[in-house]
Amino acid sequence: MTEALAWLIILLPLASFVAVALVIRPFFNRWSIAAGWVTIAAIAGSFVLSLVAAAAVFNDGSIAYPSRQWIAAPGLVIPFGILLDPLTAVMLVVASGVSLLVQIYSQGYMRGDRGYARYFAYMSLFTASMLGLVLARSIVQMFFFWELVGLCSYLLIGFWFTRPAAAAAAKKAFLVTRLGDFGFLLAVLYLFFQGGELLDVPTLYEAIHAGLIATSVATWIGLGIFAGAVGKSAQFPLHTWLPDAMEGPTPVSALIHAATMVAAGVFLVARFFPLIELSGTTMDVIALIGGFTAVFAASMGLVANDIKRVMAYSTVSQLGYMMLALGVGAYIPAIFHLFTHAWFKALLFLSAGSVNHAAGTFDMRYMGGLRKYMPATYAVMIIGGLSLAGIFPLAGFWSKDEVLVGALENGSPVGIMTFLLGLIAVLMTAFYMFRAVFMTFHGSWRGGADAEAAANASAHPAPQAAGGHAGDGHGDGHGDGHGDEHGSHGGVHLAESPLVMVLPMGILAAAAIFAGILVNPPTALGPIEKHFFGEYAAHNKPVFPTHEDAVRAGAEPHFNLVIALASTALAVAGIGLAYTFYGRGQASVSLPAPLAKVHRVLTRKYYFDELYERVLVNNLFYRRFSAAFEWIDTNWIDGFNYRVTLWTERSGRALTHLQNGQIQAYGTAIALGVLLTLAAYFVWGA
Amino acid sequence: MFSGFLTTIVFLPAAAALVVAMLRREQHIRWFAIGATVVELVLTVVLFLAYDRTEGGVQFIDRIGQWIPIAGFRAEYLLGVDGLSLPLVLLTGLLGAAAAFASWRISVRVKEYFIWLLILQTAVTGVFVSLDFLLFFIFWEIELLPMYFLISIWGSGRPQYSALKFVIFTLTGSAFMLVGILALYLTADINTFAMVSIPEAGIVGIPELIPGARLLLPAGLIFAFLFIAFAVKLPLWPLHNWLPDAHTDAPTAVSVMLAGVLLKMGGYGLLRVAVGMFQESPGFQIDQVAWLLAALAAVSVLYGAVLTLRQTDLKRLIAYSSVSHMGYVVLGVSSIVAVADVGTGGLNGAAMQLFTHGVITGLLFLLVGMAYERTHTRYIPDLGGLAGKMPFIATGFLLAGLASLGLPGLGGFVAEIMVFLGTFPVWGWATVLGAFGVVLAAGYILWMVQRVFFGPPRQHLGHLHDAHWVDMIPVVGLAIPIVLIGIYPGWLVDVFKMGIEATLR
């Protein structure tokens, strides 16, 4: 594969962005339908090239194209270039593949929206940024595209910017992730401090291999990089933006959650895995945060009534799995889980969008019985759910199992702890997923958007009550009861979605089934080699010797029957539990008093939004800290200036008394002056 | 040596002002003035392209030996550009034209207004191309006059107060600067106003003479005098208080010039004079106060950013953000202490920040002006939902805002990452503090965008028009360099690099 072709992977969607944003949107908005076609064509091109790139890596091993100079000043050279290794190849295929299907689906979903062309412009840029990130050869280049990925999520989450909740959610996403990016930036600075040439990733790998990076250095840089990943991948404690990000159009959520924004965090940690691995501290931090997040997020998913929020928590939880895997050194399982998760999570989001198309709301309390009206959506959602829950032989089963095995085989206390956390999350995952399926599709129809509007009208006199300000755009009363506030199409029309939406879902469903067994089978399946994916991802020759050694250890998925059975049993139990409570499509379940309290804590998301926004940002920072600065600026600094002018004016005024216009006084002064001068001359001068 | 090119560039706006004085119809005045600034812009672009990059050094020299015919008085009329000043001349051309376009709706005392605006451009361009310290000072002072009248007559809010405050602050700084300049000139070993050495013209400048000189005043004192003048202009904490008032009350075009170009005079002076002359001055070197520069820079960045977060007036908000962003210039300059070890990344970043902040903030003020013209308010809580009604203005504003918060792909990021990378190895703590300003920047920019442009349209604002095509020209004109620098910074860095190299010893 030539370098030009590799660049084309980024440049195609970028060109489509430019074409849509600068030509179609301003001048030909009447034919905005063309925007969709241009975008799809460009991303399809990138997808094909990504497959070519993956094949090239398979045949020739990793390819590092020449490093060029983006900025060159004495002592400060910022390189850029393309790095094509197995990790990149996997990410390329996932990102362009999911994006392609999402764009096709969007043609149906976004039809008739006023911002149709704008939507596809953003989507093109989003895809280009993500592809640019995974192809980057230098860390500054990664930071560059990393921020652009953040920008695009901002633009797309706030796509319906006239809705206050969407505008607030977009801002929140950008700010929370930027807090993490600060860590990433410091890591870049510290890495540069170790040596300017280390900004180039292959050079960094070589330096690591040669033992030139001290452990303490690796710890700090690793933690900084991980901070960036925590923000992007919505890990605890920077997880708060992701549920709110549901304000964007649903296909955007599918893309963010499967293949771009949040996957970027995992990719980043994987990219710097050889460095991070040098420090046990960093690894433990990553494992524990990942494991904790897996359970923490899943617990909030248990009670969410908004179908998209259930999926959002699920994403956070699953990303926790991937981080956990990386933290315990299970590199291949982490990438594998990223790979399988992308397909079934995209599927689940697109299904949620399809449900919304019919019900007009995302609030599952107003759904129910939809399987009668939308059998295809029901079927694919079941597939996606089973894959997510980790039921044999669907894709999720294989990857999740490898993560658990990796954690257990790590053997350290952290490994055991994260293994247990992972097991708990399995149970929760199965429960929340099938709770959502049952609430949505089983039982009888509860009226959708119309019923919700009626309920809101009686509850809130003002229809806009749920929007409002940046700080409190969510959760007055019960967590997520504002289905009509975000990205829903409004209006009920109970029918299956059009083919242009169902078709991508079907393809994703196939992937959700087969992306595990056919890609990384435990034994050879005809032409497919045993552990094809693991071997492929570990196949890092010839550029990075170290990376391969480290990675190969984890390449072999030691299939563990006991763990497989245990986790499957937990998943089945979770589904059973969900069926017991919600099997007939109940809208809610009455809980005994102590559990109701827990329920309330969970619906309020452990009060983290209140802690961050009300207590830390608003009260502590805004009302006290920055107010104090303002006081100092006005009273001390400008006050000093004011006093200087005041005294200047006063002394000037005092001196005006000398200039009173009386000739006698002037004469006296002159005479006195002459006398004094003479006196001085006689005393000192002579 | 007199090619006349720079003299033309400097005095073209002033000549245009003379013509404007003779025109009668207001519409003629507007379009003639706009036309003149466009011609000026074309000339600066030609200058930028014609500068010989393989040769480097000072080029396009215009020199009249003794333009003040007093025996022994060695002040010269000496103009020239090098890598440091060349981009700033281009910046002045860009923003001058943008400011003229932004003034096409002015209807009060039109003739006077454009005369002052054009004279202002001559003065600022003169500052950047003067290589004689006295001439530099004269242009530096001339700039005050038009500013005073422009703010106090065409301003809003408390224009007289703000104009006076601006003048007093700047004049105080200038008084110090004059003493510094004279102290250097009157030192027998120096006795020249030449700010740089130009070997091919036989000019030996202060930077070359100062190391062995027995100075009239202690070098540290001279440095302090000059530094204060630049710090006021920049502005650097705690000398910044004139800026929010002046920016807020000035008319749009003047805010554009003020933020975009006038602040850069401070940064330019810092690099040309403070850095250029005091690296090997006897008894005092700039290295000794580099820590102080780093500390003041970090304070400026954070202090400015925290105060920006509290502003409710759109223009005031952007004004305070300038305090924060200009801190990065000083942060970059503070890396001078270890320039032999870490290279000139920080200094180049500082120079880049001058240019990028100029275009970005210029664009922000331009768009705020347009929004204000339509809504008649700059009070953020009264605004909202503008994006739906004026998508062009909203898009431009978002672009400029994102550039301001340092989004990669746009100009601001390039300057900031260069400053950070170049300074971190020298002043780690100050860089970390300063870098946090980027997080705060995201806070105030996005908060503002959300409040002003997003949300449902506000009824009380009535019917709003999007940008007129005349408004669009300067917006696009400033957006282009922002994107160009963001994607391919080489075209600018490579020029600055030569200028920075020449100021080092």
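User: What makes the link between the side chains of Tyr77(B) and Thr7(B) a polar contact?

Analyst: The two side chains are joined at 3.1 Å, and a polar contact is a pair of N or O atoms within 3.5 Å, where within protein one must be able to donate a hydrogen and the other to accept it, and residues adjacent in sequence count only if both atoms are side-chain atoms. The model is predicted, so local features need pLDDT of at least 70 and side-chain atom pairs pLDDT 80 or more, while totals for chains, interfaces and linings use all residues. Side-chain values use heavy atoms, without hydrogens and water, residues are numbered from 1 along each chain as its sequence is written, and chains are lettered from A and ligands numbered from 1 in the order in which they are written.

User: Why is Tyr77(B) called buried?

Analyst: Its relative accessibility is 7%, and buried means under 20% relative accessible area, exposed over 50%, partly exposed in between (1.4 Å probe, protein chains only). So Tyr77(B) counts as buried. Among the residues it touches are Phe2(B), Phe11(B) and Trp67(B); contact means heavy atoms within 4.5 Å.

User: Why is Tyr666(A) called partly exposed?

Analyst: Good one to compare with the cut-offs! Tyr666(A) has a relative accessible area of 31%, so it is partly exposed. Its place is in helix H26 of chain A, residues 663-685; helices are DSSP runs (H or I, at least four residues), numbered from the N terminus.

Definitions and conventions:
Helices (H or I, at least four residues) and strands (E, at least two) are DSSP runs, numbered from the N terminus. Lists of a residue's contacts leave out its neighbours within four places in sequence.
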